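This note sets out some remarks on aromatic contacts, arranged as numbered points for a colleague's review.

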Amino acid sequence: MSAQKDSWVSSFSFLLFWVSSIPTQGSERLLQELSPQDYFSSLQVGKASLAYFSHPVSPDAQPFLEQIENSAEALQDYGISVVKVNCPKEDVSRYCEKENALRKAYLFRGNMLIREFPTDALFDVNSIVANVLFALLFNEVKYVETLADLQNMENTLKGKSNMVFAYVPATGTAEHRAVMEAAFVYGTVHQFVLTTEAALLKDTSNDEPDVSSAQLLFCHCQQATDLAQPCRRTAMEQALTLLNIHRHLKLMGAPLVTEVAEDPEKVSTVHLQLGLPLVFILSQKETYEADRRTAEFVAWQLMGKAGVALLSRDLVNLNVLLRSNVALKTPDEGVPVKYLALEDTDEIITLVEDKSKVKQIQEDEEEDEEEDEKDNNNQDIQDDQVVEAVSRDKKQELPLEQILALTEDTFHSTLLEAARTVVLFYASWEAVSLAVLQTYTEVADHLSGTQGVLLSRVNCWDWPGVCTKENVTQFPTLKIYEKGESAVMYDGMWGTEELTSFIILSQVSCPLKLATIDEAEGYLRGDFPSELSSFHHTSLLGVFSTAMSEAREAFEEAGNILSGHVAMGMYLEDEALALSHKYAVSPPALLLARSRGQSVESISLSKQSTQDLVQMIRYELLDIFPEITVQNLPHYLQLRKPFLIFFSDGDIDQMESKEMLNLAEKTPHQAFVACWLNLKKTPVGRGVLKSYFATVPALPLLVWVDLHAGGQVFRFPSEQTLTETNILSWLEKLKAGLEIPSSTLSEEDWKPPLPAYDFLQMMDMTMAELPLHTSHPHGDTPAQRPLGSPGGDNAIQEEPSQDNKAEKVGSPGRDLRGTAPRLAAKEKQGKRHSEL
C-alpha cells in the first residue's frame, strides 16, 4: 500500500479509536451477565444498552446468544453495552415472561425503552449493529419512501447542509451497517437519508440502476440556493463499506478547486493522499475568471475521481512550453508531473479515466515535433516563408507580459477603463498571426511606459464571439479604440516601426487644430505635443482662412482617413494670410516640414475632393530618392510609375547618391520613381535581379523597369559613368525606342496564390460538426452541451431535467479557451498555403 493510502487509513483508524475510547461501564467484560434487579439499577441516563432476557434452560436461544456476544465488541465502539439478563424461574414480569424472553431483545437509553427487536431480525453481527444504530439514530437518519419525500428533504437542506442518500436492498445487511456506522460518525456534519425502495432508486437515476446492489449518493445541497435547481449528486462507485464511505465523504469535503502557487511537484492534496490523481489547469492573470470556470467545470466532471487545481503561470516559473495548458500529477511516488497541450475538457476526462491516454498524448506530441522538424528541413515542400519561420521558432516563448490578453468577459470593460486601447485580433494556429504577434511584442517594448496607451490582444480561436461582434473576419487585424469614438483599423505594413508609428500618431487628433501663429510656426519646427516627442517624420500644416469652409472640411475628412499614418496640423485664424505669405503661397495651402522645419515646401490647394487630398498627401510624403525596402515598396508601387532603381551591395557611394538625387529633384514628379536598393539590407533584391537577368550581375547597377507597361527591363551601360547627364541621355534613348531591353517580365499578375477567406466562417462550419471552440454568452448555452452540469458523468446522477437547468449557470464550455496561449495548435491548419 502506498504512503498516501497509509495516511488516510491511519486517519480513519484514529477516528475509530476515538469512537471506541468512549468510557463504557464494565468494558472489561464485553458481554455482561446480570440479574434483572442489578441490570435495571445499573442503567445510566443517556447510556444505551442492548439487553436479552434469558431463562436458565433455553437451548433454542443458544445461536442468538452467540451472535449477541459477537456483536458486543462492535457495539462497544459506539458506547453501547450488551447485557444478558438472567431471569429467575419465579420471575414472570414483562421482560422475563418466558414467551417474550425467547423471541425479543430490548434496546434501552437510560431506563427508557427505545425499541423491541424480534430475535429473528438479529440474525448476525451486521444485522445487530445496523438495527441498533438505526434505532438510536432514528431522529438523525431519515427514512424516505417516495421521490416527493426525497425532494422535500433536499429543499429543506438547500443552502444549509449536504445530504448522504443511501439505498440498501434490505435492512440488517452489511451495507446497512456500514451506512449506520458512517451516520454515527458524520451525522452532525451531513444529513443521512436511507431507503429500501427500489422504485425510488430508479426515480433518482438517469440509467437503469441495479436494485440488487446497495448504492450511495452524496447530494451537494449546501451549494444549491435555488429551490427549482436539484442538488448535484455524486455517486460512490465503490462497494458500500465503512472504509469506502469514509474515503468518499472525505473527497466530497475537499475544496472543489484548489488554487496553488508553487511547483506542482511539491503540491499535496487530499486527492493525492487518497490515491487519486491531481489535474492542474494552467492559468494566467488576464484569463483568470475563464480559467476558474473551466477548472470548476472539470472538477464537477471528475468529482470523486481526481482533484483539480488552478495553477497561475504568473506566480510560478514553469520551465515548460507556453502552449502547455494542463498538467497531471499521479499519486505514484517517483513519477514526474506530466505537462500536456489539450484542446478541450473531454480530453481531460479521458485522461483521468484512461491512464494509457497520457502516454499516447505525449507520444502524439513527440511525433508532431518530429514531423515539424522534418518539414523544416525539407525546403522542397515548405512553400511559405512565414510558416517556415514560425515553425522554426515555435519553441521560443514570446514575452507577452506587457500585452493584456482579453476575453469575452473582459473585452468591453477594458475598453471603457483605458483611454486608448490597441487590440490585436489574431488566431493562435495561423502563421501570419504568430509572426505579427512577435512584432507586437517588439512594439510593446518600444512603447513601454507610454501613458494613455494599453496594448492588448484577443485570440479569436478562443473567443470567436468577440471577433464576430467586432467584424473581424481576417487575421491578423489591429484596431485602436478610444472612449466614445469608433475604432480605427490599421491597414499598413506589419513592421515594428510602422506599427509603433501608427499607435503613436493615433494619440493626437488628425488634423491637430492650432490656435495661434506661434503654435503653427512651432509645429513646423517640430514642436509636437508631448505624445509625439519621439516622432521624427514629415509634418503637414494646412493653412486656411475662416471663409474657406469647403476646403477646410475636405482637409479634415482627409485627416480622419490618414489618422495614425500622418502628422497633420491645421491653422485657421486671421493671421493665416501672413503665415502663407511667409512661405510664398496663398491659402488654402499645404506646408510640408521635413527634418523638423529645416526645409518647408509650399503647395497650393485648389478645390479638391477628400480622396484627391488623401492621394496627394500620401504622394507628397514619399521621399525624393528613397531606399526601397520590403516595408515601403507597396507605397511606391501604388503610384503605377516606371522605376529607375540603383542596386548596390551596401551603402550607396556619396558621388552616385548626389547624382541620383539631383536627377530626382529636377525631374517632374509624374515621370518616374528614382530609388535605390541595398542588397545587404534587403536580400530579397537578389531574387529581383535574378528575375530580371537570370543571374545576379555585377554591382552597382542602374536599371529601368516599367512594371505597368510591358514589363521591359533596361540596363544602364556599364561602360558609362553614372552621372546626371549620362542618365538623362540614356533615358531619352529609352523614350525614343533606341535601346534594346535586357529582358521582358511575364505578364502574369502579381496576386496572392489564393483569395482571402473568412476565418470565422470556416470556424463556424467546423464547429457545426465538432462544437469545441464556440463562444456563448454566459447563461445562454445550448442545451445539447452539458456545460457546468454533471450530466454524462457516471459519477454524478441527477434528475432528468437537471442537465438543462444547471447549464444556465455560467460555464466555460468544453474547450480550454482562456488558458495559456496555444502558439502551436495540434491541427496543422496553418502549415502550407497550398492546403488552404
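1. A charge is taken to sit over a ring if NZ of Lys or CZ of Arg is within 6 Å of the ring centre and within 35 degrees of the ring normal. In this predicted model, Arg715 lies over the face of Phe693, at 5.8 Å from the ring centre. Arg232 is placed over the face of Trp300, with 4.1 Å to the ring centre.

2. Turning to ring pairs, the count comes to 20 aromatic pairs when ring centres must lie within 6.5 Å. Among them, Tyr39 and Phe40 have ring centres 5.2 Å apart and planes at 65°, so this pair is edge-to-face, the cut-off for that class being over 60 degrees.

3. The two partners may also be described by their accessibility. Tyr39 counts as buried at 1% relative accessibility, whereas Phe40, at 34%, counts as partly exposed.

4. The pair of Phe544 and Phe555 has its ring centres 5.2 Å apart and its planes at 55°, so it is classed as tilted. This pair links distant parts of the chain, with the partners 11 residues apart. Phe544 belongs to the loop between strand S22 (539–543) and helix H20 (549–561), and Phe555 to helix H20.

5. Are Phe544 and Phe555 buried or exposed? Phe544 is buried, its relative accessible area being 0%; Phe555 is likewise buried, with a relative accessible area of 0%.

6. Finally, Tyr39 and Phe40 also belong to a cluster linked by ring pairs, together with Phe53, Tyr95, Tyr106 and Phe108.

Technical notes. Residues are numbered from 1 along each chain as its sequence is written. This is a predicted model: local features need pLDDT of at least 70, side-chain atom pairs count only at pLDDT 80 or more; totals for chains, interfaces and linings use all residues. Side-chain values use heavy atoms; hydrogens and water are left out. Rings of Phe, Tyr and Trp (its six-membered ring) pair if their centres lie within 6.5 Å; planes under 30 degrees apart count as stacked, over 60 as edge-to-face and the rest as tilted. Buried means under 20% relative accessible area, exposed over 50%, partly exposed in between (1.4 Å probe, protein chains only). Helices (H or I, at least four residues) and strands (E, at least two) are DSSP runs, numbered from the N terminus.
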